[in-house]
Amino acid sequence: MAIVRAICFIACAVVATSTTAADAPYDLVLRNARIVDGTGSPWYRADIGVRGDTIARIAPAITDAATRVIDLGGHVAAPGFIDLHTHAIRGIFQVPTADNYVRQGVTTIMEGPDGGSPVPLKPFLDKLAALQKSLNVGSFLGQGSVRAAVIGLIDRPATAGEIDRMRALVLQGMRDGAFGLSTGLFYVPGIFTPLAEVVELQKVVAPWRGLHTSHMRNEAAGVLDSVKETIAIGEQGGVPTQVSHHKIIGKSYWGRSVDTLKLIDEARARGVDATIDQYPYTASATSVQAALLPPWALEGGHKQTVERLKDAALRAKIKTAIADSIRNERGGGDAHNVALSQCEWDRSLAGKTLAEVTRARGMEPTPDNAAETTMWIVEQGGCRGVFHAMNEQDLQRILVHPATMIASDGEVPIFGQGAPHPRSYGTFVRVLAVYVREKKLLTLEDAVRKMSSYPAARIGLSDRGILRPGMKADITVFDPATVRDAATFEKPHQYAMGFPYVIVNGQIVYENGAMTAARPGRVLYGPAKSE
Ligand SMILES: [Zn+2]
């Protein structure tokens with residue numbers, strides 16, 4: 001009797017104190033969740049108790065009172081998605097709510113991909129820290145930007161002294177909080193960097209196992225050599241290495257993902273920590289000049305490119321190279337497959353194809369004439385473009401590979417402005433809607449793993465990416481039966497649907513169709529951050 005009374009005393013005390021919100025054991029309880037925990041394990045039903053910014057408890061039933069209780073009615077609760085490859089610097093300071101990401105369940109985004117980042121990194125991270133934002137942001141340091149700071153946009157090897165200076169900048173970037181050193185060996189000036197130089201810089205990052213992500217030197221004719229190079233950077237530099245936005249560009253090369261994935265498998269089998277990320281679209285997006293002009297024409301920067309176009313002989317040479325690129329590589333065989341997404345000097349061009357612009361200038365849209373138009377575009381100041389030059393079989397083969405994770409390569413669009421690639425609005429939800437629900441190529445659990453625990457582990461985020469007590473409460477709630485991407489190439493400015501709640505650091509940032517006033521997003525710092 002005495003024991004029973006003692007139990008009752010404790011239980012009753014809890015009930016008594018939990019009636020006032022201020023004393024509630026949890027700030028937030030999510031009831032009736034179908035938990036997809038991020039590890040790839042099969043889902044289970046449970047309740048989640050959140051205290052402060054942390055998941056305090058996950059149990060079959062949490063009946064304690066809480067400041068707020070939400071019945072999820074069997075919707076999926078998953079870890080907030082982590083996007084390792086974004087260009088959020090384009091837009092995050094104008095749209096710190098990053099609606100396009102949050103509304104598809106993304107709670108952490110990484111900047112500094114493709115070899116490009118601010119150098120030094122600290123002022124950028126400080127500015128991000130001061131920003132009242134909805135989601136978490138971290139950054140890589142960009143090798144191309146480091147090289148530009150020391151050598152410029154010039155095609156020549158680095159001297160020993162320059163390598164020392166670049167190594168010092170890389171070390172500083174890691175101390176500032178970078179998660180690793182990205183490369184963009186496709187772009188100027190990354191393209192002028194020999195493998196050995198990249199390796200020397202990665203060795204600086206190696207003690208912390210900072211992640212190397214690469215926009216590879218070539219994703220078309222040279223894609224196999226480029227995957228080998230990406231693997232070699234990891235193997236020789238002593239860092240984990242990742243093929244960014246893996247794709248096969250150009251009809252002549254379609255199908256080569258069979259061999260690229262074999263290279264990754266072989267590398268992993270011998271102990272190289274090589275992985276992949278991908279966005280689920282058969283079109284890419286970058287600047288028209290980087291996509292279609294030969295790299296030598298871009299050396300030194302925009303002014304020098306325009307100077308070269310004034311030289312008749314060089315212009316002819318550049319035109320031939322562009323026409324070839326339209327026929328066989330990024331142009332997808334036809335000027336209709338290139339769409340302009342943003343031209344600062346004439347916003348009305350956004351959404352028009354290279355073929356349409358060529359016709360408007362009085363020419364048939366043949367590859368040669370489209371090359372003329374391309375040079376004219378470069379002379380006006382250049383544009384960003386969307387390039388339809390991949391195929392669905394490669395996309396699916398890469399997607400289902402166990403070492404592939406999902407990353408958008410997107411940005412934070414100003415809603416309604418320009419005609420950006422829909423990946424910024426739809427990457428994660430498109431995987432859930434098309435490749436999990438419709439095509440059944442991935443299980444829901446595996447797709448979520450590719451969006452949460454896998455990218456988290458990749459950059460050493462030990463407190464995010466899994467739904468488990470003690471982890472930060474970044475939680476995405478969605479209905480797997482109705483989630484869908486609405487953004488298309490024709491109408492990109494459309495938010496994802498099917499996410500009733502998104503929670504960042506314990507606070508609800510998106511609820512039933514609207515962003516809330518909460519701005520709990522933080523800057524995340526890499527493993528070498530010095531206080
Ligand atoms: Zn890229």
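This is a predicted model: local features need pLDDT of at least 70, side-chain atom pairs count only at pLDDT 80 or more; totals for chains, interfaces and linings use all residues.
Student: OK, zinc. What coordinates the zinc ion?
Tutor: D114 (OD), D114 (OD), H215 (ND1) and H245 (NE2) do, at 2.1 to 2.5 Å. Donors are N, O and S atoms within 2.8 Å of the metal (3.2 Å for Na, K and Ca), and water is not among the atoms, so sites may look incomplete.

Student: Which geometry does the site of the zinc ion get?
Tutor: Irregular, with angles of 53 to 139 degrees among the 4 donor atoms. Four donors count as tetrahedral if all angles lie between 85 and 135 degrees; four count as square planar and six as octahedral if opposite donors are over 155 degrees apart and all others between 65 and 115; anything else is irregular.

Student: How are the donor residues spaced in sequence?
Tutor: As D-x100-H-x29-H. D114 sits in the loop between β7 (106-111) and α3, while H245 is in the loop between β12 (241-243) and α8 (257-269), 131 residues apart, so this pair links distant parts of the chain. Helices (H or I, at least four residues) and strands (E, at least two) are DSSP runs, numbered from the N terminus.

Student: Are D114 and H245 buried or exposed?
Tutor: D114 is buried, and H245 is too. Buried means under 20% relative accessible area, exposed over 50%, and partly exposed in between (1.4 Å probe, protein chains only).

Student: Switching topic: how many aromatic pairs are there?
Tutor: A search of the whole structure finds 10. Rings of Phe, Tyr and Trp (its six-membered ring) pair if their centres lie within 6.5 Å; planes under 30 degrees apart count as stacked, over 60 as edge-to-face and the rest as tilted. One of the pairs is F81 with F478, tilted at 6.4 Å centre to centre and 55 degrees between the planes.

Student: Where do F81 and F478 lie?
Tutor: F81 is in strand β6 (residues 81-83) and F478 in strand β18 (residues 475-478), so the pair ties together parts 397 residues apart in sequence. F81 is buried at 0% relative accessibility, and F478 is buried with a relative accessible area of 0%.

Student: What about F93 and F124?
Tutor: Their ring centres are 6.3 Å apart and the planes are at 70 degrees, so that pair is edge-to-face. F93 is partly exposed at 23%, whereas F124 is buried at 6%.

Student: Which residues do ring pairs link into a cluster?
Tutor: F81, F428, F478 and F499.

Student: Now α13. Which residues are buried there?
Tutor: P367, A370, A371, T373, T374, M375, I377 and V378. Their cover includes α10 (302-310), α11 (312-328) and α12 (354-360), among others.

Student: And just after α13, which residue takes a positive phi?
Tutor: G381, at about 130 degrees.

Student: Last one: what is T358 in contact with?
Tutor: T358 lies in helix α12 and is buried at 0%. Leaving aside neighbours within four places in sequence, T358 is in contact (heavy atoms within 4.5 Å) with M363, E364, P365, N369, A370 and T373.

Note on methods
Residues are numbered from 1 along each chain as its sequence is written. Side-chain values use heavy atoms; hydrogens and water are left out.
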